[in-house]
Amino acid sequence: MTDLQEFRAAIRAWLEENCPEEMRQPMSEADVCWGGRNWEFHSDAQRIWLERMAARGWTVPTWPKDCGGAGLSGDQDRILKEEMTRISARPPLQSFGIWMLGPALLAFGTEAQKQHYLPQIARGEVRWCQGYSEPGAGSDLASLQTKGVDCGDHFEVSGQKIWTSYADKADWIFCLVRTEPEAPKHKGISFLLFDMTSEGVTTKPIQLISGSSPFCETFFDNVKVPKAQIVGERGTGWTIAKYLLTHEREMIGATDSALFGSDDLVEVAREALGVDEQERLDDPILRGRIADFLIDEIAFDAELARAKSWIRAGQQLGAESATLKYTGTELNKRRQELIMAAGGLAALEWDFANAAGDEKASLWLRSKGNSIEGGTSEVMLSILSKAVLELG
Amino acid sequence: MRLLSEEQTMIRDMAAGFLEEKAPVDALRKQRDNDGGYDRALTGEMAEMGWFGMLLEEEAGGVDMGAEAAGLVAEEMGRRLSASPFLSSGVMSAVTLRATGRTDWAAKVAEGSAVVAMAIDERVKHRPDAIATTAAKSGNGFVLNGAKRFVTDGAGADRVIVTAITEDGLGLFLVDPQLDGAETRDLKTVDSRNAADLRFDNVQLDGAALLALGDAAQEALDGALRVGRSVASAELVGVSKEMADRTSAYLKERKQFGMALSSFQALQHRAADLYTQIQTTDAVVAAALQAIDTGHDDAELLSRVAKAKAGKTASLAVREALQMHGGIGMTDALDIGLFMKKARACAEYLGDGECHGDWLLRQRGL
């Protein structure tokens with residue numbers, strides 16, 4: 001057996017022994033384990049699963065061991081994921097700390113910051129949110145106005161963020177703040193970390209067209225942030241933000257629709273519309289649109305698989321992440337439109353006040369935001385036309 | 001963006017260099033204007049480089065490099081509209097001859113001394129399963145009756161692989177188009193490539209003409225179609241990339257209203273959208289070719305999705321190229337029209353989006 005085969009066998013045996021049966025069931029958004037100071041586990045199984053995985057460093061498998069990870073190589077990480085998928089094991093922990101702050105700290109943080117913050121993230125002890133967008137700074141994110149006034153040993157932060165996911169549930173925030181008001185707009189931003197229980201922080205959930213949402217408005221009123229809680233140098237926050245936006249794009253574009261059990265278009269259509277004597281969907285025009293969609297979807301799956309193999313080979317996706325983000329989100333909007341069309345009148349039954357997030361109408365409406373959040377489709381096309389095609 | 005091995009990069013660069021010199025777009029233009037067929041000498045040179053044996057084993061004089069390698073060559077051909085019986089003879093017929101153990105003719109294909117075409121379509125849309133041509137047993141051999149349409153590289157082919165219904169199901173026959181009762185009508189096509197309609201009127205075939213019967217025939221045909229679709233898709237990717245590159249270059253160079261066209265966001269976004277479509281297509285075509293080489297179960301599905309997607313993307317690429325070039329794009333002096341004609345023909349050949357979309361939905365029970 002090769003090393004990797006041995007590794008796979010060991011993982012398979014460990015998972016078999018340690019993954020509770022309840023954690024091997026399909027999950028909805030409500031079943032996600034986010035962790036954090038105030039987290040209440042939904043079950044003993046959820047708690048045990050997190051503890052066991054965190055103890056092995058497998059909540060963040062590729063992070064270094066002294067940062068709470070397991071130091072796995074790309075191939076080992078892939079094998080772990082494959083083995084988890086094989087038994088339908090749920091991710092033990094999900095968080096913006098894992099997806100966003102962790103990679104930023106690994107790239108830009110001091111040793112002390114990595115040692116302090118990363119293990120807490122890995123163990124699910126601290127839940128993070130992301131303070132980027134502002135009411136006046138959407139696509140033009142670098143024009144953000146939340147200010148951090150230099151008060152000697154600390155900054156005093158004032159302003160408003162919007163679209164802060166789970167701000168009302170998070171323990172800490174990583175936040176873009178203008179600390180150098182005289183500098184050009186891209187050079188005046190710093191990347192600050194602070195506690196959401198600090199005096200002067202308030203949050204307010206936002207209701208979307210699809211129903212309730214994790215998004216919040218977040219207000220800062222003279223919040224004191226010690227200067228040690230800055231990542232990178234003053235005024236370099238934009239560099240870190242751009243790095244993280246690339247990450248976010250890869251994530252949004254690559255979101256595995258199977259994770260949250262989005263209805264299968266083919267199933268919906270068959271059930272709702274039935275088939276003719278030749279076992280073909282009893283709506284030839286919709287059938288054609290579904291065929292067109294499936295061809296694009298399967299092709300995109302191949303593109304995603306290829307991107308993953310590049311990452312495993314140590315390549316940076318760079319501007320390619322804009323391709324994935326654009327293609328993946330536009331595709332999901334089409335998928336949801338087709339599911340609604342296939343569902344017909346039955347898909348219209350929906351109670352806004354009590355809507356569950358995994359209902360057809362909710363998913364359809366929510367998908368409209370996919371090509372806005374994390375950089376609009378138009379911004380993606382502008383990035384590609386400049387960075388790849390060199391048009392300008 | 002695509003990660004290629006050293007060997008693959010070499011294959012691609014050699015193909016690009018050779019085709020740039022020997023079979024650029026101008027060569028197709030000349031061939032069209034001179035009313036000529038394909039260039040036999042060129043086929044010989046390509047064969048010398050091993051291209052017609054890429055999918056053949058060494059005993060047949062092949063180099064056995066696989067579908068992915070053939071795709072790299074096809075993509076470079078697509079970029080230059082190189083006119084060659086590579087796909088028909090060097091890919092599809094070679095795969096069929098290999099699967100049916102006909103080393104004698106496979107060797108001729110590999111060395112470029114013979115061109116073997118595939119006669120598989122009878123209807124105006126690709127339906128290799130809809131066969132009215134029959135081969136009835138007669139003594140040691142068969143009697144062939146029927147007609148095949150739009151046989152690519154069928155004009156002047158040395159042999160044609162013909163699908164026919166026999167009393168034992170599907171039969172594949174290696175037919176000499178010079179035999180009594182066989183009639184070849186050369187066609188002029190929009191893409192200025194070689195094609196012919198074939199008629200068989202009581203053509204007497206000897207036993208050696210039979211390549212395979214029944215399940216073996218079906219398997220050989222399916223294999224050839226699978227590889228053919230994937231390699232044709234790579235050719236379409238070449239067409240798409242060339243059009244996108246030429247269009248981006250033109251946008252930077254052409255000035256209107258006192259500025260370069262490339263400064264207009266309306267055009268930037270269209271060019272960028274086309275780029276994303278090509279990236280997706282490139283990925284699924286590469287996946288199909290790899291699946292064939294590794295014998296993966298997904299090869300059939302991927303080859304069909306690749307063909308459907310590559311046809312759609314090439315169509316978008318040539319339409320966008322023409323529109324963004326403006327009036328000059330409509331002139332025959334510019335090459336855009338030649339690429340548009342190629343994209344149309346190649347998208348139709350071996351099945352379009354509707355053909356493969358229908359297959360896909362049947363697979364999924366719709």
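1. Chain A splits into domain 1 (3-93), domain 2 (128-240) and domain 3 (255-387), with bounds from an automatic or database domain assignment. Bear in mind this is a predicted model, where local features need pLDDT of at least 70, side-chain atom pairs count only at pLDDT 80 or more, and totals for chains, interfaces and linings use all residues. Residues are numbered from 1 along each chain as its sequence is written, chains are lettered from A and ligands numbered from 1 in the order written, and side-chain values use heavy atoms, leaving out hydrogens and water.

2. On to how domains 2 and 3 of chain A meet. Their C-alpha centres lie 31 Å apart, and seven residues of domain 2 are in contact with nine of domain 3 (heavy atoms within 4.5 Å).

3. The buried area between these two domains is about 630 Å², with carbon and sulfur atoms giving 64% (accessible area, 1.4 Å probe, that two parts lose on being put together, summed over both). On the domain 2 side, A:Ser139, A:Ile209 and A:Ser210 supply 64% of the area buried against domain 3, more than any other three residues.

4. β6 (201-208) and β7 (211-226) of chain A each supply at least two residues of the domain 2 side touching domain 3 (strands are DSSP E runs of at least two residues, numbered from the N terminus).

Methods: Helix = DSSP H or I, 4+ residues; strand = E, 2+ residues; numbered from the N terminus.
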